[in-house]
Amino acid sequence: MLLIPCPNCGPRDETEFHYGGQAHVAYPENPAELTDREWAEYLFYRDNTKGAFAERWLHSTGCRQWFNMLRDTVTYDIQAVYPMGQPRPDKENTATGTTAPTVTTPVSPEGAIK
Amino acid sequence: MTTEHLPEHPDFLWRNPDPKKSYDAVIVGGGGHGLATAYYLAKNHGMTNIAILEKGWLAGGNMARNTTIIRSNYLWDESAAIYEHALKLWEILPEELEYDFLFSQRGVMNLAHTLGDVRESVRRVGANKLNGVDAEWLDPQQVKELCPILNINDNIRYPVMGATYQPRAGIAKHDHVAWAFARKCDELGVDIIQNCEVTGFVKDGNKVVGVKTNRGTINTEKVGLCAAGHSSVLAEMAGFRLPIQSHPLQALVSELHEPVHPTVVMSNHVHVYVSQAHKGELVMGAGVDSYNGYGQRGSFHVIEHQMAAAVELFPIFARAHVLRTWGGIVDTTLDASPIVGTTPVENMFVNCGWGTGGFKGTPAAGLTFAHTIATGEPHKLNKPFALERFETGALIDEHGAAAVAH
Ligand SMILES: Cc1cc2nc3c(=O)[nH]c(=O)nc-3n(C[C@H](O)[C@H](O)[C@H](O)COP(=O)(O)OP(=O)(O)OC[C@H]3O[C@@H](n4cnc5c(N)ncnc54)[C@H](O)[C@@H]3O)c2cc1C
Ligand SMILES: [Zn+2]
């Protein structure tokens with residue numbers, strides 16, 4: 001079971017949360033102009049990174065707020081939590097998911113973010 | 001005890017060759033699908049100068065981690081066709097591979113616990129019959145007759161309202177299936193190369209011409225990806241994307257017990273499926289963990305949830321002890337159907353997306369994927385399962401038949 005540091009409530013059991021998949025996927029600005037390929041990319045294609053992955057979580061039985069989390073998909077180590085709409089803390093450009101993260105919103109040993 | 005008393009080491013079932021400089025085709029992944037693909041490439045298409053590259057040990061991925069359920073009672077015509085073809089192959093493979101891998105057609109029951117379940121199940125039974133797949137709808141009393149240890153009373157959270165039943169479905173011993181294919185592949189001349197991790201691809205323009213591995217670069221005319229949970233990682237190395245998310249899927253076994261469970265029982269609604277292995281362990285599978293993961297382990301609450309459901313349905317399991325739990329990494333698609341076909345890279349082919357339920361598909365995946373690799377064109381059974389369906393919208397939604405369960 002993951003111990004997830006909700007930015008509002010502190011560390012809580014994974015069972016209180018709902019997973020939202022890859023973060024930073026914006027709704028297309030002009031959906032009507034997309035090709036079938038681009039629309040398929042938006043609907044069905046998501047990164048499936050092995051390593052540091054930026055993802056969305058909802059604290060559904062707590063504060064009911066969405067937030068982003070940077071988590072290693074191999075070790076399941078939680079590296080940072082940060083508000084939705086903010087860029088990924090571990091890199092200037094959010095293009096690939098392979099470089100080692102430098103955490104700007106550190107997670108304390110207890111997992112609490114204050 | 002001295003070494004004199006030790007028995008002779010049994011014969012090895014396959015050689016452990018070093019990789020050659022070049023092959024006509026290279027299969028990435030030594031699970032069931034990679035092995036079956038190589039087998040049919042050699043047997044049906046005469047391609048014997050081929051290799052299977054496996055980063056770990058043979059069948060160390062999902063192949064020997066699954067709960068071995070084999071059935072073909074899927075809803076849509078495309079799925080019924082490929083899974084039923086697989087089931088027919090399972091029925092002849094022990095003889096063809098000259099290996100009794102304990103394929104036991106003890107039937108599979110899919111329980112219904114809600115009115116929605118009942119409607120979906122009855123509809124699926126009808127669809128199955130039209131597709132020549134053996135299927136029956138059982139009322140709770142008939143469920144009880146077939147599996148006396150099941151609790152069909154109203155005193156549980158989700159009482160049993162009936163079940164679909166496929167008598168020809170069942171289980172097999174997964175590691176023996178892998179060894180059976182491996183021995184035949186080896187006999188036909190296929191090189192099975194373990195501890196050989198693919199780390200990249202050599203391309204000439206958009207055409208793949210070689211694979212880079214931790215044991216050197218290997219030239220090849222064709223590459224077939226059978227990497228299950230790691231398919232996205234390999235596709236990324238080759239320069240294309242797949243609509244796959246990798247999730248941990250867990251299972252567990254109890255200690256050995258007297259035979260008490262005559263069939264296979266699955267419940268999508270309460271997230272558990274149970275059979276009893278030949279040796280006597282109760283084998284139970286859980287649902288996937290919600291998060292993406294490559295760690296070959298999942299969260300304990302998923303196991304707890306599954307056990308709670310199992311004990312309600314099978315009160316006599318309350319005193320059984322868990323012996324061990326484990327996880328595998330499953331490659332899920334959004335329509336719960338596999339992807340078998342060509343890729344945007346020339347001479348590279350992909351077989352993936354079998355997710356939580358690809359053990360049963362092993363022979364058909366191998367047969368159709370071998371056809372695709374050898375001829376460059378899909379077999380009629382895997383044509384609907386092309387990558388393009390995510391663009392055309394011709395999805396094959398099997399969530400009703402596949403969802404949690406297998
Ligand atoms: C707990 C669990 C229960 C399941 N229960 C059932 C069930 O009851 N019925 C059913 O039909 N299905 C079931 N499945 C699903 C089934 O196991 C899979 O769909 C199927 O095994 C996938 O095909 P495979 O055997 O080829 O995969 P795998 O055995 O996972 O083979 C893929 C191989 O690729 C290798 N590989 C990965 N990357 C590289 C690389 N870079 N270089 C070289 N090799 C690489 C891996 O090491 C691995 O051995 C279950 C799965 C799990 C995890
Ligand atoms: Zn919260």
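## How chains A and B meet

The side chains of B:Arg241 and A:Asp47 meet in a salt bridge, with 2.8 Å from N to O; a salt bridge here is a side-chain nitrogen of Lys or Arg within 4 Å of a carboxyl oxygen of Asp or Glu. Keep in mind that this is a predicted model, where local features need pLDDT of at least 70 and side-chain atom pairs count only at pLDDT 80 or more, while totals for chains, interfaces and linings use all residues. Residues are numbered from 1 along each chain as its sequence is written, chains are lettered from A in the order in which they are written, and side-chain values use heavy atoms, leaving out hydrogens and water.

**Where the chains touch**

- Between chain B and chain A, the count is three salt bridges.
- On the side of chain B that touches chain A, the elements giving two or more residues are helix H6 (231-238), strand E12 (245-256), helix H7 (300-313) and helix H9 (389-392). Helices (H or I, at least four residues) and strands (E, at least two) are DSSP runs, numbered from the N terminus.
- In all, 29 residues from chain B and 25 residues from chain A take part in the contact, meaning heavy atoms within 4.5 Å.
- Together the two chains bury about 2,300 Å², with 50% of it on carbon and sulfur atoms. Buried area is the accessible area (1.4 Å probe) that two parts lose on being put together, summed over both.

**A look at chain A**

- Chain A has one helix and six strands.
- Reading from the N terminus, its elements run β-β-β-α-β-β-β.
- Of the 114 residues in chain A, 41% are buried; buried means under 20% relative accessible area, exposed over 50%, and partly exposed in between (1.4 Å probe, protein chains only).
- Among contacts in chain A with a separation of 6 or more, 47% come from residues 24 or more positions apart.

**What about the cysteines?**

- B:Cys352 is buried, with a relative accessible area of 1%, whereas A:Cys9 is partly exposed at 24%.
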